[in-house]
Amino acid sequence: MQKNWISLGLMSGTSGDGVDASIIETNGIDQYHLIKDKYYGYDSDIYKDIHNLKDKIHKSEHLEIYKNEINNLERKISIFHAKIIKELNVSDETLIGFHGQTIYHNPKEKISKQLGNGKLLNQLTKKNVVFDFRSNDILNGGQGAPLTPIFHHLVCVQNKIQIPVCFLNIGGIANITIIKDRDNLSELYSKDIGPGNCLIDNWVRKNSKKKFDYDGNLASTGTRNEIIFEQAQELYMNRSDQKKLSYDTNDFDVSFVRGLNLEDGVRTLTDFTASIIGEELSLAFKNSKEKIKNVLLCGGGRYNKFLIKKIKENLSLGINLDLIDKYKINGDFIESQAFAFLAVRSVMKLPISFPNTTGCNKPSCGGKIIKN
């Protein structure tokens, strides 16, 4: 008889604004039941520290140079997560899937650094903790990301979503999962396709007191700079890493729009982001044997109405973009639910990534486990 686990997934995305927490019950294989979702915003100090640190770390040597700052922030973030666990008042048997805060991701160097001390979290909460989900995949030749496809597959099967279907997650980075088969996990396909919110958020943070472009209102009042837009597109299309399966926010920077005012900068970056997402989606569908018409949107970027409108303009005709929420699934919490699910699979020693999802050379198991 299959065992059911209660698992709490804690996910802090590339926007670095807070932690999504999701408690699910699952057998780790083919069913899950949502118990609770809740968002916890970082206090202003942690938020500033994350973004200040990310602005400094552009290569692996910086991890050593800023080691003290990294360790101090990691401690603060781990304590913040411990408070969440305490507030949620989960049972002693609850498994904790602790993703942590990514500050540097470079699979070429076999490094994916998330701030989050699993041992400290275990000591503070007296719970079994699964963390460091990406290292094993990278050791097996993978990119360490995206890791949510296996959960996208479960969401699709359990909610009777018609296949083939594509999940488009727009976080700091945009990634896709294409689901072609209800039973065969090796048929899953996924990859990062470029910037999601990262360029837009970065520009807004640097040029205003806002954290992001709410609803795309700033972009909608700005004017695209055609020369900068076309140059950026050309540079992107001719980049050297076109076969890359995963990205870090450090792979993209806003310097090409410097000199523009706030609104024109946001508009140019939004149009640029939408053009990449539209182009990459169309290309992925063109290369797929299956006729894919439906795209389900999740992640914070789905709220940016102007960005979504622009993505639609860049898509081939006949492709439908819908919010995952239309299936009564909250698109804000798919990743935190996913890491609750991945934690259970890690304990069960079941694979969480596959050659077609991360580029690993064999199906790979997941995170490190610290038992209470």
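**Ground rules**

I worked from a predicted model, in which local features need pLDDT of at least 70, side-chain atom pairs count only at pLDDT 80 or more, and totals for chains, interfaces and linings use all residues. Residues are numbered from 1 along each chain as its sequence is written, and side-chain values use heavy atoms, with hydrogens and water left out.

**Entry 1: strand β1**

I looked up β1, residues 5-12. Helices (H or I, at least four residues) and strands (E, at least two) are DSSP runs, numbered from the N terminus. I noted that 7 of the 8 residues of β1 are buried, so the strand is largely enclosed by the rest of the structure. Buried means under 20% relative accessible area, exposed over 50%, and partly exposed in between (1.4 Å probe, protein chains only).

Next I checked the partners of β1; two strands pair if DSSP finds at least two bridges between them. Strand β2 (residues 18-26) pairs with β1 in the antiparallel sense, over 7 bridges. Leucine 8 has isoleucine 23 in β2 as its bridge partner. The hairpin of β1 and β2 has 5 residues between the strands, and glycine 16 there takes a positive phi near 60 degrees. β1 and strand β4 (residues 95-106) run parallel and are joined by 5 bridges. Opposite glycine 9 I found glycine 97 in β4.

**Entry 2: aromatic pairs**

I found 8 aromatic pairs in the structure. Rings of Phe, Tyr and Trp (its six-membered ring) pair if their centres lie within 6.5 Å; planes under 30 degrees apart count as stacked, over 60 as edge-to-face and the rest as tilted.

Phenylalanine 133 and phenylalanine 339 have ring centres 5.0 Å apart and planes at 75 degrees, so I logged the pair as edge-to-face. This pair links distant parts of the chain, 206 residues apart: phenylalanine 133 is in the loop between β6 (129-131) and α5 (135-139), and phenylalanine 339 is in helix α12 (residues 334-347). Both phenylalanine 133 and phenylalanine 339 are buried.

Phenylalanine 212 and tyrosine 214 form a tilted pair, 6.5 Å centre to centre with 45 degrees between the planes. Phenylalanine 212 is partly exposed at a relative accessible area of 43%, while tyrosine 214 counts as exposed at 54% relative accessibility.

I also noted a cluster of Tyr32, Phe151 and Phe341, linked by ring pairs.

**Entry 3: charges over rings**

I then looked for charges over rings (NZ of Lys or CZ of Arg within 6 Å of the ring centre and within 35 degrees of the ring normal). Lysine 3 lies over the face of tryptophan 5, at 3.9 Å from the ring centre. Arginine 239 lies over the face of tyrosine 236, at 3.9 Å from the ring centre.
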